[in-house]
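Have the sequence and the model open side by side.

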Amino acid sequence: IDKLSEYAKEHNETRQYNIVIVGWTIETLKGNIVDNFTSILKGKKYIMKWGTTDEKYILIKNIKISFYGFNNQTSFNKILGKPFICLWIDEAAKIYQGGLKETFDQLTGGQASFSNHPYLKTIHSFNVEGSDRHPYKVKYIDGKPNAKHYTFYPFDNPLLNDASDEALDKLLDIFPSETLQRQK
């Protein structure tokens with residue numbers, strides 16, 4: 001956000017940049033992303049609109065971060081036509097698997113007007129789901145070999161302060177089936 005604001009100042013741009021973050025529901029976005037953002041933003045100037053209204057966003061400098069649930073066919077209509085420099089899809093594999101493949105594939109269309117911008121970003125975050133043939137994995141992980149891929153493990157979680165074998169075994173015991181244990 002800071003680098004994008006600096007870039008805008010250096011190039012005498014006065015426009016507002018839009019970042020779109022979509023997730024399975026607004027509630028999952030609140031827990032997975034928004035609560036973490038507001039924690040990081042403590043002591044900084046920002047405006048947050050989050051309540052019973054349809055529009056939910058955080059405004060920092062000249063950057064508006066908008067949040068949308070994306071769990072049905074009409075979800076895409078709320079985003080359609082909005083130009084955005086960054087798209088973050090949380091729970092990407094779940095959304096893709098949820099009968100939304102066609103609309104999911106169209107999400108990046110909102111980035112077309114920024115196709116040559118140095119700060120254009122698309123981020124997918126997801127949990128391990130399904131097999132090696134999961135349609136999301138085939139298209140967006142295996143099918144995008146030049147993308148940057150980051151893998152996080154249970155011991156990357158700051159709330160798990162013990163990465164011993166014993167602690168990880170206890171973590172795996174939480175999941176009922178061997179398949180889920182291997183995935184996690």
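How many of the seven residues of S1 are buried? Six of them are, so the strand is mostly covered; buried here means under 20% relative accessible area, exposed means over 50%, and partly exposed is in between (1.4 Å probe, protein chains only). Before going further, a word on the ground rules: residues are numbered from 1 along each chain as its sequence is written, and side-chain values use heavy atoms, with hydrogens and water left out. The model is predicted, and local features need pLDDT of at least 70, side-chain atom pairs count only at pLDDT 80 or more, while totals for chains, interfaces and linings use all residues.

Helices (H or I, at least four residues) and strands (E, at least two) are DSSP runs, numbered from the N terminus. Two strands pair if DSSP finds at least two bridges between them. S1 pairs with strand S4 (residues 63–69) in the parallel sense, over seven bridges, and Gly 23 stands opposite Gly 69 there. S1 also runs parallel to S5, joined by four bridges; Ile 19 has Cys 86 as its bridge partner in S5.

Ile 19 and Cys 86 turn up again in the second largest pocket, where they are among the residues nearest the centre, along with Ile 1, Leu 4 and Lys 121. A pocket is an open set of points on a 1 Å grid over the protein atoms alone, where a 1.4 Å probe fits, with protein on both sides within 12 Å along at least five of seven lines; lining residues have an atom within 4 Å of a point. The elements giving two or more residues to this lining are H1, S1, S5 and S6. Of the 13 lining residues, 11 are nonpolar, none polar and two charged.

Now look at His 117, in the loop between helix H4 (101–106) and strand S6 (121–125). His 117 is buried, at 12% relative accessible area.

Asn 12 is not a glycine, yet has a positive phi of about 50°; Glu 91, not a glycine either, has one of about 60°. Asn 12 sits in the loop between helix H1 (2–10) and strand S1 (17–23) and is exposed at 69%. Glu 91, between strand S5 (86–90) and helix H3 (92–97), is buried at 14%.

Notes. Nonpolar A, V, L, I, M, F, W, Y, C, P; charged D, E, K, R; others polar.
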